[in-house]
Amino acid sequence: MVVGELAHERDVVIIGGGPGGYHAAIRAAQLGKSVTLIEKEHLGGVCLNKGCIPSKVFTESAKKLTSVKDFSNFGIEGVNPTFHLRKLIDYKNKVVEQLRKGVESLCSANKIELITGHAFFLSEFKIGVESGDQYEIYRFKQAIIATGCSPYISNKFTNVEGNVLLNPWTITSLEEFPESLIVYGSDYIALEMAMSFHSFGVEVTLVLDDQKEDLPFDDNINRELLRIFKKSKIKVIKGAQVMDASSISDDCTLDLVVKGEPVQAKASKLFISSSYAPNSKELGLERIGVSMNDDGFILTNKHCQTSQSHIFAVGDVTGGPQLAVKAIKEGKVAAEMCAGFSSEADLTFVPIIVKTQPPIAVVGLTEKEALQQGYDVKTGQFSIAGNGYATLIGQKDGLVKVVMDIKTNLLLGMHIIGEGATELISMGTTALEMVARDEDLAFPLYPHPSMNEAILEAVEALKDQAIHASPKKVKEKV
């Protein structure tokens, strides 16, 4: 190992090149800072290389494959597709490489120094970087930690052989599809993979983790999603406690207890997407007094500052919802703080999306959460089946639900399951951020025909004014 004698001087050093890290780097460069970005593997981090981008390639493929059955309704006949997993993997790798090169190009254009290596703190203002046989020291004015998380497999699955066990980083790199698959978890990747692999012809059993009695959304969304799972013949086991997990050859068995009764689930592969551990152990944070919780997540304030005010942390390594949108926002906030701005990350209204079929998108409070927080709640709900454009395109599953405070008429939450949900939810996010009332959403003109109109009718349903919904027994008094 060759040890550098002198420390290189830098303004801002960022550890981790995922969404939080590279957004922080580019924003800091925009604000005139000299930036060094250190990544031990590939730019783009887990999201681009192993997580949300690869999973979305799979969900889009599943969507296209499923849509073929409706072609004849539009006069398109003679389509009999053959699915090739190897071609899908090749396309996934092509998309990942293309996006990664785009990030590299953006960093180069912003004159960001890119270093490949493992970084760790030597002192409050020094970082060491190992890269093969090379070792360099960097002295910084400010640092941003964006090292993310890694999948964590509970000890109760230690008896499952490695070739049978899959995690969010490996499931999109399979060489061949299993005959059957157990999906253990209820996060977005678990739900997306359950539905995608079913579309590819795999027999899927979804086991909700940690004895959860339901899915993690508003009750109406949960019921609709469970109905769709049932219609699709995806088996769902709720409230399951894992007593034992084992594998023999290419078969896996979960011994469960459901409502006090023993239940077995068997499949060729077991996919676990439920727990993640922060990548903070090898950073030397204890050496410099950066505070962490008992699980190793870095503690930060609303400015993304750690207990060392010149050192910031963003994204998954700080805990909370493990979403790229959170990391991106926090990365920009940290960069602006480094440049002297008083910026903060307000994560009150974080949109959450799931690319199931149909997709789910939610923001704000669920009905249950609003009641628990003391609001006097009223909800408006509209079935996607009543939307003209949904009928036209043959995508009638789903609903839109809005949650409102009766006393103030303020919007508290918006929950959508249906075609176009991930694009439509931005309207809800903007409305919540602008402290909108129901009239603010009911007044504007909505394009027709479009899925947007489902939001209008859900808002109108708050006052029983939705046109394309069955009327209630009590007529409105004029």
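Let's start inside: Phe 121 has 0% relative accessibility, so Phe 121 counts as buried (buried means under 20% relative accessible area, exposed over 50%, partly exposed in between, with a 1.4 Å probe and protein chains only). Keep in mind that this is a predicted model, where local features need pLDDT of at least 70, side-chain atom pairs count only at pLDDT 80 or more, and totals for chains, interfaces and linings use all residues. Residues are numbered from 1 along each chain as its sequence is written, and side-chain values use heavy atoms, with hydrogens and water left out.

**Aromatic pairs**

- The count comes to eleven aromatic pairs; rings of Phe, Tyr and Trp (its six-membered ring) pair if their centres lie within 6.5 Å, and planes under 30 degrees apart count as stacked, over 60 as edge-to-face and the rest as tilted.
- One of them joins Phe 58 and Phe 200 edge-to-face, at 6.1 Å centre to centre with 80 degrees between the planes.
- That pair links distant parts of the chain, 142 residues apart: Phe 58 sits in helix α3, and Phe 200 in the loop between α5 (188–199) and β10 (203–207). Helices (H or I, at least four residues) and strands (E, at least two) are DSSP runs, numbered from the N terminus.
- Both Phe 58 and Phe 200 are buried.
- Phe 121 and Phe 140 are edge-to-face too, because their ring centres are 6.0 Å apart and their planes stand at 80 degrees.
- Phe 121 is in strand β4 (residues 118–123) and Phe 140 in strand β6 (residues 134–145), so this pair ties together parts 19 residues apart in sequence.

**Out at the surface**

- Phe 74, Ile 76, Val 79 and Leu 392 make a nonpolar surface patch of about 370 Å².
- Ile 76 is found in the loop between α3 (52–67) and α4 (85–109), and its 41% relative accessibility makes Ile 76 partly exposed.
- Gly 32 belongs to the loop between α1 (19–30) and β2 (35–39), and counts as exposed because its relative accessibility is 62%.
- The C-alpha atoms of Gly 32 and Ala 339 are 7.8 Å apart, although 307 residues separate them along the chain.

**From the record**

- UniProt, in an unreviewed entry, places "domain: Pyridine nucleotide-disulphide oxidoreductase dimerisation" at residues 350–458; such annotations may be inferred rather than shown by experiment.
- Over residues 350–458, the chain is 34% helix and 27% strand, with 21 Å between the end C-alpha atoms.

How values were computed. Patches are made of residues with over 30% relative accessible area and no salt bridge: like charges are joined within 9 Å, nonpolar side chains (Val, Leu, Ile, Met, Phe, Trp, Tyr) within 5 Å. Accessible areas come from the Shrake-Rupley method with a 1.4 Å probe; for residues, only the protein chains shown count as cover. A salt bridge is a side-chain nitrogen of Lys or Arg within 4 Å of a carboxyl oxygen of Asp or Glu.
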